[in-house]
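Colleague: I would like a close look at one part of this model, the place where the two chains meet. Please set it against the build of each chain.

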Amino acid sequence: MRQTIVYGEPRKRIPPKELTAKLIVHFLLIIGLISTLLPLFWMVSTSLKTQEAIFEIPPRLIPKHVSIENYINLFQQEIDFARAFQNTLIVTTIYSIGALLIPSLAAYAFAKLRFPGRDQLFLVFLATMMVPSQVNLIPNYLSMKILGWLNTYRALIIPPLANVFNIFFLRQYMRSIPNELSEAARIDGASDRLIFFRVIIPLIKPALATLAILNFTGMWRDFLWPAIVATDNSMYTLQVALYTLFGQNQASTTFGVVMAGAVLVLLPLFIIFIFGQKFIIQGISMSGIKG
Amino acid sequence: MKKKYLTPLLFLAPSLLIIFCFVIFPIFFSLFISLTDFNVHSLVHWGNAKFIGLANYQQLFQDELFLKCIGNTLYFVVLMVPLALILSLTLALLLNLPFIKFRKLFRTGYFMPYISDSIAISTVWYWVVSKDYGILNHILSWFGIPGPSWLADPRFAMFAIVGLVVWRSLGYYAFLYLAGLQNIPEQLYEAAEIDGASLGQKIRHITIPLLAPTTLFISITSIIGGFQLFAEPLTLTNGGGPMDTTKTIVLFIYENGFRYFKMGYSAASSYILFAFIFIVTIIQIKFRDQEILY
């Protein structure tokens with residue numbers, strides 16, 4: 001009588017009504033997924049079309065002839081895309097390193113050290129998160145002008161490093177580490193510097209990985225600040241370069257080159273997302289729930 | 001006593017320095033600039049800027065374009081937020097059904113647009129909603145609907161932007177809802193089932209009330225994000241066209257500050273934006289404190 005060993009409820013036959021419901025739900029989800037990904041697919045497809053094929057009516061979803069002429073054109077534009085790519089890579093990399101180191105030091109002070117005024121200072125930091133970044137645009141632009149930093153990497157990297165969220169995020173994580181660990185090290189005579197580097201940093205590696213990905217992709221996507229302080233062609237970031245390219249080509253027959261540029265800008269983000277999905281989702285849910 | 005401060009200070013010094021220079025000081029400096037007529041001449045020589053009190057603010061409330069920008073921004077938020085909430089909740093409810101296959105694959109796929117950047121995705125969307133060559137109007141034509149010229153028609157341009165923003169954030173919000181759904185104890189549904197509750201009743205009386213914290217979080221995030229709408233209309237409708245129907249507050253700030261260099265005026269308008277966001281944040285804090293009673 002093997003039949004009797006059924007797990008949970010007996011489910012010998014799925015009633016046809018239930019089966020239809022399941023199929024409909026899956027069908028809806030697939031339709032939704034296709035429409036979600038269709039614009040991205042169409043971007044790739046357009047970027048691989050020849051100039052004439054782009055303006056076919058009705059539009060063809062898959063190009064008849066695959067051509068990479070748009071990608072070749074992309075690097076022969078007035079705007080130096082290779083240079084912009086390099087700028088973005090340099091800026092995002094240096095920023096991501098700084099945005100781990102500087103906030104984790106501060107987070108250690110807020111989470112593990114005791115000093116008068118600690119919580120008040122932290123509250124002041126938190127309160128600044130309420131102020132939209134647009135309020136700071138003009139003063140920071142003027143600071144850059146006075147310092148002579150306009151059109152330099154410093155302008156692109158340093159002001160964005162003033163990021164309270166990173167401190168908040170790491171402080172939350174460090175507080176979850178039991179104090180006994182750092183106290184034990186302290187009794188053994190370890191200095192705060194040693195505790196920070198040898199005890200805390202190894203324990204917060206998952207949080208650092210999450211933050212590194214969030215910061216890297218966040219900086220990669222940043223547009224408004226670079227558009228204001230990097231006005232010289234040679235200092236364009238990818239976002240500014242793509243926006244300028246779009247402005248030059250939107251009404252003309254060369255839209256394919258814009259789509260090739262968009263693919264180039266998006267591809268690294270998608271690659272990071274696919275491989276770092278676990279960390280991204282973890283980070284988003286942490287920041288999301290804490291609000 | 002000295003030593004008590006030394007170690008924390010060393011750890012905090014880099015953060016204190018940059019946060020003071022690029023966040024705290026600018027907040028006050030911006031307020032000060034907003035009380036002056038700082039303009040293109042002042043950029044050359046700061047002494048040219050005159051203190052004019054609240055004149056910028058008075059002028060802003062008589063500036064028809066600025067009032068229109070506020071109206072447009074509110075209109076965008078009112079359209080976008082409910083749509084994003086309903087669609088993402090529906091998606092999450094479907095994805096949370098026990099029999100769903102390939103749940104992870106769906107989640108990843110729906111999430112893709114969210115990690116894209118505004119400029120690239122706006123250029124893509126520009127092409128999707130293009131009147132004659134766009135895929136959207138082509139699909140509409142299958143159903144016999146003549147697609148409008150989305151971005152050139154004042155009646156439809158905002159819808160195109162709402163569509164872009166909702167499409168982009170759907171997967172993220174659905175993900176947050178999914179996390180919320182997993183926190184609802186199964187026993188509640190079982191109890192309701194014993195009492196003979198229908199699926200609709202269960203959703204209305206258990207799922208939606210218990211998801212209230214998530215709904216609050218998503219609403220606030222999307223309202224604040226909506227108030228800061230910028231790159232999408234900048235790209236899609238060339239900075240707020242047609243006929244300024246998609247010009248937003250941040251576009252106004254940007255244009256006045258960095259196109260016309262009327263920086264005093266621009267700073268004043270950024271403070272109005274701040275006021276709006278401040279109100280929303282206060283509402284959030286009020287609601288969140290009530291939530292604890294649940």
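Modeller: What follows starts with the contact between the chains, then takes up each chain in turn and ends at a single loop residue.

This is a predicted model, and the predictor gives the complex an ipTM of 0.90 and a pTM of 0.91. For chain B the average pLDDT is 90, and 97% of the residues score at least 70. Where pLDDT is low, the predicted coordinates should not be read in detail.

The contact between the chains draws on 70 residues of chain A and 66 residues of chain B. On the chain A side, helix H1 (residues 16-47) gives the most, with 14 residues. By residue type, the side of chain A that touches chain B consists of 53 nonpolar, 14 polar and 3 charged residues.

Chain A is divided into domain 1, residues 13-67, and domain 2, residues 79-290. The C-alpha centres of domain 1 and domain 2 of chain A are 35 Å apart. Between these two domains of chain A, 8 residues of domain 1 are in contact with 8 residues of domain 2. On the domain 1 side, H1 and helix H2 (51-54) of chain A each supply at least two residues. H1(A) gives the most to that side, with 4 residues. The side of domain 1 of chain A that touches domain 2 is made up of 4 nonpolar, 3 polar and 1 charged residues.

Now the build of chain A as a whole. Chain A has 14 helices and 0 strands. Taken along the principal axes, the C-alpha atoms of chain A fill a box of roughly 80 × 75 × 30 Å. Of the 291 residues of chain A, 39% count as buried. Among contacts in chain A with a separation of 6 or more, 74% are between residues 24 or more positions apart.

Chain B likewise contains 14 helices and 0 strands. The radius of gyration of chain B is 24 Å, well over the 19 Å that the globule rule gives for 294 residues, so chain B is more spread out than a compact globule. Its C-alpha trace spans about 75 × 70 × 35 Å along the principal axes of chain B. Of the 294 residues in chain B, 41% count as buried. In chain B, 67% of the contacts between residues at least 6 apart in sequence join residues at least 24 apart.

Phe261(B) sits in the loop between helix H13 (249-258) and helix H14 (263-291) of chain B. Leaving aside neighbours within four places in sequence, Phe261(B) is in contact with Asn39(B), Val40(B) and Leu43(B). Phe261(B) and Leu43(B) are 218 residues apart along the chain, yet their C-alpha atoms are separated by 8.3 Å. Phe261(B) counts as partly exposed because it has 17 C-beta neighbours inside 10 Å, whereas a buried residue would need 20 or more.

Definitions and conventions. Residues are numbered from 1 along each chain as its sequence is written. Chains are lettered from A and ligands numbered from 1 in the order in which they are written. This is a predicted model: local features need pLDDT of at least 70, side-chain atom pairs count only at pLDDT 80 or more; totals for chains, interfaces and linings use all residues. Two residues are in contact if their C-beta atoms, placed from the backbone, lie within 7 Å. Ala, Val, Leu, Ile, Met, Phe, Trp, Tyr, Cys and Pro count as nonpolar, Asp, Glu, Lys and Arg as charged, and the others, Gly among them, as polar. Domain bounds come from an automatic or database domain assignment. The radius of gyration is taken over C-alpha atoms; the globule rule is 2.2 Å times the number of residues to the power 0.38. A residue is buried if 20 or more other C-beta atoms lie within 10 Å of its own, exposed if 12 or fewer, and partly exposed in between; C-beta atoms are placed from the backbone. pLDDT is the predictor's confidence in each residue, from 0 to 100.
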